[in-house]
Amino acid sequence: MLAQEGHSIFARKVYITSQEYLAFTRMSAKDRFEWQHAHATDLRCNSTTPHTENCDPNLAWALELAASKPGVLLDVGAHGGRQTRTGLRFNRHVYGVECSAQTFTELNAMFANESRAQMIHMCAGSSMQLTTVHVVGSDSETRGSNFITQNSTLALKKDKNSEIAVVVPLDGLFADIQVAVIKLDIQGAEYDAFRGLKIVLERNRPALMFEHEKRFGQIYGHKSVVPMLRALGYKNCVERALPIGNDVICPPVA
């Protein structure tokens with residue numbers, strides 16, 4: 001917990017001492033961001049529990065970084081609804097994009113009485129096409145989940161529960177909507193989704209949170225989003241380790 005005195009370096013009123021502030025002002029931009037991230041645990045979800053059903057602390061941090069930016073949260077891969085609920089806690093209008101028809105139906109029912117949350121049934125990508133979505137257990141995931149759990153050919157041959165879905169670049173859908181934060185968790189397809197969001201990224205320069213799961217790289221040719229994002233000005237991102245995979249959080253580009 002930070003001392004409640006001195007200077008505030010956060011959008012919300014969380015204070016540090018004068019000595020800490022002086023050290024902070026002498027840091028590089030990347031070091032400042034990493035320091036903020038390490039010391040902002042009291043901002044994430046207002047809870048001592050790292051992950052709760054209704055709030056994702058890493059997304060909460062991305063939303064905090066974008067507190068001064070107008071616009072919506074774009075929740076790509078909305079399965080489970082936790083990140084959508086996190087956006088609502090931060091008083092953001094949320095557009096949830098979900099690839100699986102089964103999970104889209106569940107999300108629609110979940111947020112039926114919430115006017116600030118709208119669900120869209122489609123997959124995010126770099127070009128318009130049809131794809132097959134393989135449903136795993138009670139949750140929806142793309143081919144990557146089957147690929148890493150067992151031999152890919154065997155998994156797909158045995159899979160009887162699949163859906164045909166439309167892949168759409170999201171640039172066109174959000175051409176007239178201000179986007180403040182983008183969250184991506186789509187089982188390794190983040191590279192193509194970011195390619196389909198390049199205009200939004202260049203125009204809105206939102207904060208980002210996305211899953212970085214190296215095991216899915218073999219499916220997508222180990223294409224990294226890092227060079228693409230760095231070229232767009234996202235040079236101060238921090239990677240947070242999770243039990244499975246990592247989350248990457250990027251502050252908005254000035």
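Modeller: Let us begin with Arg195, which is partly exposed, with a relative accessible area of 43%. Buried means under 20% relative accessible area, exposed means over 50%, and partly exposed lies in between (1.4 Å probe, protein chains only). The model is a predicted one, in which local features need pLDDT of at least 70 and side-chain atom pairs count only at pLDDT 80 or more, while totals for chains, interfaces and linings use all residues. Residues are numbered from 1 along each chain as its sequence is written, and side-chain values use heavy atoms, with hydrogens and water left out.

Colleague: With which residue does Arg195 form a salt bridge?

Modeller: A salt bridge is a side-chain nitrogen of Lys or Arg within 4 Å of a carboxyl oxygen of Asp or Glu. For Arg195 the partner is Asp192, and the closest N and O atoms are 3.7 Å apart. Both residues belong to helix α9 (residues 190–195), where they are 3 residues apart, about one turn of the helix. Asp192 is partly exposed, at 24% relative accessible area. Helices (H or I, at least four residues) and strands (E, at least two) are DSSP runs, numbered from the N terminus.

Colleague: How many salt bridges does the structure hold?

Modeller: There are 4. One of them joins the side chains of Arg116 and Glu114 (3.0 Å, N to O). Arg116 is partly exposed, with a relative accessible area of 28%, and Glu114 is partly exposed as well, with 22%. Another is made by the side chains of Asp56 and Arg82, at 3.6 Å from N to O. Asp56 sits in the loop between α2 (29–39) and α3 (57–65) and Arg82 in helix α4, so this pair ties together parts that are 26 residues apart in sequence.

Colleague: Is Asp56 buried or exposed?

Modeller: Asp56 is buried, its relative accessible area being 2%.

Colleague: Helix α4 has now been mentioned. Which side chain does Thr84 touch in a polar contact?

Modeller: A polar contact is a pair of N or O atoms within 3.5 Å; within protein, one must be able to donate a hydrogen and the other to accept it, and residues adjacent in sequence count only if both atoms are side-chain atoms. Thr84 is part of helix α4 (residues 82–89), and its side chain makes such a contact with the side chain of Asp75, at 2.8 Å. Thr84 is buried, with a relative accessible area of 0%.

Colleague: Asp75 brings us to strand β3. Which way do its side chains point?

Modeller: In a regular strand the side chains alternate between the two faces of the sheet. In β3, Val72, Leu74 and Val76 point one way, Leu73 and Asp75 point the other way, and all are buried. The strand, residues 72–76, is mostly covered, with 5 of its 5 residues buried.

Colleague: Which strands are joined to β3 by bridges?

Modeller: Two strands pair if DSSP finds at least two bridges between them. Strand β10 (residues 179–184) runs parallel to β3, and 5 bridges join the two. Strand β4 (residues 94–98) also runs parallel to β3, with 4 bridges between them. Asp75 stands opposite Gly96 in β4. Towards β10, Val72 stands opposite Val179, and the bridge partner of Leu74 is Ile182.

Colleague: Let us end with a helix. Which residues of α5 are buried?

Modeller: In α5 (residues 101–110), the buried residues are Thr103, Phe104 and Leu107. They cover an arc of only 105° around the axis, taken from the directions from the helix axis to the C-beta atoms, which puts them on the same side of α5. Thr105 and Ala109, on the other side of α5, are exposed.

Colleague: What caps the N-terminal end of α5?

Modeller: Ser100 does, with a side-chain oxygen 3.2 Å from the backbone nitrogen of Gln102.
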